[in-house]
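Biologist: I'd like to learn how to read the packing in a model like this. Can you walk me through it?

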Amino acid sequence: MAYDYDKTHARIMESAANRFMEDGFAGASVRQICKDAGVTNGAFYAHFESKEDLFAKLVEPALGGLRELYGSETSRYMEISSAKDVRAALDQTFSTDEAVIRYVYEQADAFRLLLTASSGTSYGHFKEQIVEAEKEETTAFFELCAPYVAKPENMSDSLAAQTSSLVVSAIFDCLLSGASEEEAVRETQLVSEFCLAGLKQVWGI
């Protein structure tokens with residue numbers, strides 16, 4: 001039988017995804033992944049440099065899409081020149097959250113791997129890194145809003161971090177709990193509305 005590179009590659013990827021979910025990255029072995037896939041260790045290394053390389057191949061496409069999504073969505077509301085603009089930007093913030101939720105559920109398998117099986121890889125602090133990225137965007141947004149709110153003294157890195165953590169946690173906690181996509185949209189919307197109402201209150205707008 002002729003060697004089919006693409007089919008072998010796909011079998012290894014599928015086997016690895018299942019094994020990582022069951023045993024975690026640290027607990028999964030190349031030997032077991034190969035056994036599950038019905039290939040030799042030599043075949044494995046014809047496709048991947050290492051177990052770490054394999055894990056990256058499973059999650060990087062989803063991560064790359066998430067990075068692009070954050071960049072395109074957050075840029076939409078970064079033009080602020082009045083208090084009205086601040087309120088409008090806050091009111092449309094959930095549209096960004098919903099786009100992220102839809103994408104995360106579209107790539108659910110990859111994000112479950114990142115959230116539950118990445119310990120021992122460079123992705124082990126994936127969620128914290130997403131929160132930090134969200135915090136940086138939120139802080140930049142705060143800085144743009146500061147000249148147009150009544151109480152700019154109530155803006156801080158800590159407030160940006162807390163609001164970012166709440167929203168990101170809502171999205172990923174829903175995914176891991178088995179909530180449906182629509183349930184995740186609803187729950188995250190409630191968290192987002194809670195945060196936005198608080199910001200409007202403490203900023204005096």
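Modeller: We'll take the cores, then a helix pair.
This is a predicted model, where local features need pLDDT of at least 70, side-chain atom pairs count only at pLDDT 80 or more, and totals for chains, interfaces and linings use all residues. Residues are numbered from 1 along each chain as its sequence is written, and side-chain values use heavy atoms, leaving out hydrogens and water.

Biologist: Which residues touch the most other members of the largest nonpolar core?

Modeller: A nonpolar core is a set of buried Ala, Val, Leu, Ile, Met, Phe, Trp, Tyr and Cys residues joined through side-chain atoms within 4.5 Å; buried means under 20% relative accessible area (1.4 Å probe, protein chains only). Here the largest has 50 residues, with Ile12, Phe20, Leu54, Leu58, Phe111, Leu113 and Phe172 touching the most other members. Helix H4 (residues 51-74) gives the largest share, 10 residues; helices are DSSP runs of H or I, at least four residues, numbered from the N terminus. A second, separate core has 13 residues, including Phe141 and Phe142.

Biologist: How do H7 and H9 pack?

Modeller: Two packed helices are described by the angle and the distance between their axes. Axes are lines fitted to C-alpha atoms over the stretch in contact, and angles run from 0 to 180 degrees between N-to-C directions. For H7 (residues 108-116) and H9 (residues 157-177), that's about 100°, with the axes 10 Å apart. The two are therefore roughly perpendicular (65 to 115 degrees).

Biologist: Which residues of H7 and H9 make the contact?

Modeller: Contact means heavy atoms within 4.5 Å. H7 brings Ala108, Phe111, Arg112, Leu115 and Thr116, while H9 brings Phe172, Leu175 and Leu176.

Methods: Angles under 35 degrees count as roughly parallel, over 145 as roughly antiparallel, 65 to 115 as roughly perpendicular and the rest as oblique.
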